[in-house]
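Biologist: Could you take me through the charged pairs here, one at a time, and spell out your cut-offs as you go?

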Amino acid sequence: MPVSKALKLAEQNDAKMVDFKFVDFPGVWQHFSVPLAELDEGAFEQGFGFDGSSIRGWQPIHASDMLIIPDPSTAKMDPFMSESTLSLICNIVDPITKEPYSRDPRFIAQKSESYLKSTGIADTAFIGPEAEFFIFDHIAFDQTVNEGFYRIDSVEGRWNSGSEDCQNLGYKPRYKEGYFPVSPTDSQQDIRTEMVLEMQKIGIHVECQHHEVATAGQAEIDMRFAPLVETGDMLLWFKYIVKNVARRHNKTVTFMPKPLFDDNGSGMHTHVSLWKGKEPLFAGDRYGGLSEMALHFMGGILKHAGSLCAFTNPTTNSYRRLVPGFEAPINLAYSSMNRSAAVRIPMYSASPKAKRVEFRTPDPSCNGYLAFAAILMAGLDGVKNKIDPGQPLDKNIYKLSPEELKDVSQVPESLEGALAALKNDYEFLLKGDVFTQDVIDMWIDYKMEHEVLPMRLRPVPFEFGLYYDI
């Protein structure tokens, strides 16, 4: 969309304000707004200033000035502002050199698309994420010197089947049995549909919505695949819409991978395919109807999966999900149809256009721009170096004997382990200057300083049950 069309969209909708959105380093949208009169064609080149030192993982205070440059192609009307508001996603640049900022996740994603084209392997990477989430009725949490707790509640929660605090009508999904029940057990059909309709208003192509496996309002809404950067944009709109629709109904949404103990967590199975022009490159006559290129792409993902987890599963909570027994793919193998493998080949359709690989390890706590770019770079490394993914594993991996599993690698068991893997395996990310050394170093340092080390310092409630009487 050219600048003139973005301005026309604002005029047609009688916009009063313009909201500038950009993503911080960990992956959360930030924003500020100006009156529409402040937006003219020059603003799309000159940008607007802000304090980069106040954004997580970015500038030091002595070099804090930065610019946002609105991308006119992202212009949409914000569906949640009471006054008509034009929304623009922005890129970040240095105010002096006007060079793109190396730690801007959207810029990293843009560079990954450029690198793909430069290789001649393909010109488009299509990404299709399946972001799961929970819709709760209440959340409270705190941590002080002498106290730490969290408390989640949901009218759908199976733990409320015996509650007498209010009228109790039953119909609560049993643990691990929330997949596809009709109402009244599925009490959130209408709210998910409202989320879908809001997504459609801003141009997200939604394929389906449904209740997910866990009790207490686990949900999934599937977006249709799109080019990598566009999908990164849409994932942020997706989270924004889901949270704000929930708030309309006095509910709350979390994309934490494992908010509930002893029930399924939320993943973000990520589908990837490469195309050249109108030709899909992953269809062929090899295993699962894949091409040799697709097999090598999977080989790259499996080889670099440990370091990929630092971006695709980037929270300490991510590794509460990556444990045996909850459909989480911890074993690094591939298979057709087998959902216990880290990489799966969906077999719903025989059409060459539908051929893709599904990386099942990622979760929705990730920064989509960084996760998708890293997955692409790992896959391209596999294609360029013809990395053999090994033999497929078509058995239920969770029921294999230790002897059968001895040659199957696993994902890291903690965020610290994933960061250690990244520290030892990141050269593939530096190709084409997509990720930079500065980005890798800052990601590791930020995650260690703000997440891993603080988590080490704090006792958790379960420890008191284990150790208080020793």
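Modeller: I call it a salt bridge when a side-chain nitrogen of Lys or Arg is within 4 Å of a carboxyl oxygen of Asp or Glu. Side chains of opposite charge can pair when their charged atoms come close. Bear in mind that this is a predicted model: local features need pLDDT of at least 70 and side-chain atom pairs count only at pLDDT 80 or more, while totals for chains, interfaces and linings use all residues. Numbering runs from 1 along each chain as its sequence is written, and side-chain values use heavy atoms, with hydrogens and water left out.

Searching the whole structure turns up 19 salt bridges. Start with Arg248 and Glu194, whose closest N and O atoms are 2.8 Å apart. Arg248 sits in helix α5 and Glu194 in helix α4 (residues 189-201), so this pair links distant parts of the chain, 54 residues apart. (Helices, H or I of at least four residues, and strands, E of at least two, are DSSP runs numbered from the N terminus.) Arg248 counts as partly exposed because its relative accessibility is 42%, and Glu194 does too, at 21%; the scale is buried under 20% relative accessible area, exposed over 50%, partly exposed in between, using a 1.4 Å probe and protein chains only.

Next, Arg344 and Glu358 form a salt bridge, with 2.6 Å between the closest N and O atoms. Arg344 belongs to strand β17 (residues 343-345) and Glu358 to strand β18, so the pair ties together parts 14 residues apart in sequence. Both Arg344 and Glu358 are buried.

Lys251 is partly exposed at 22% relative accessibility, and Asp137 is partly exposed at 28%.

Asp363 is buried yet has no salt bridge, and the nearest side chain of opposite charge, Arg321, is 4.6 Å away. (Lys and Arg count as positive, Asp and Glu as negative; His and the chain ends are not counted.)
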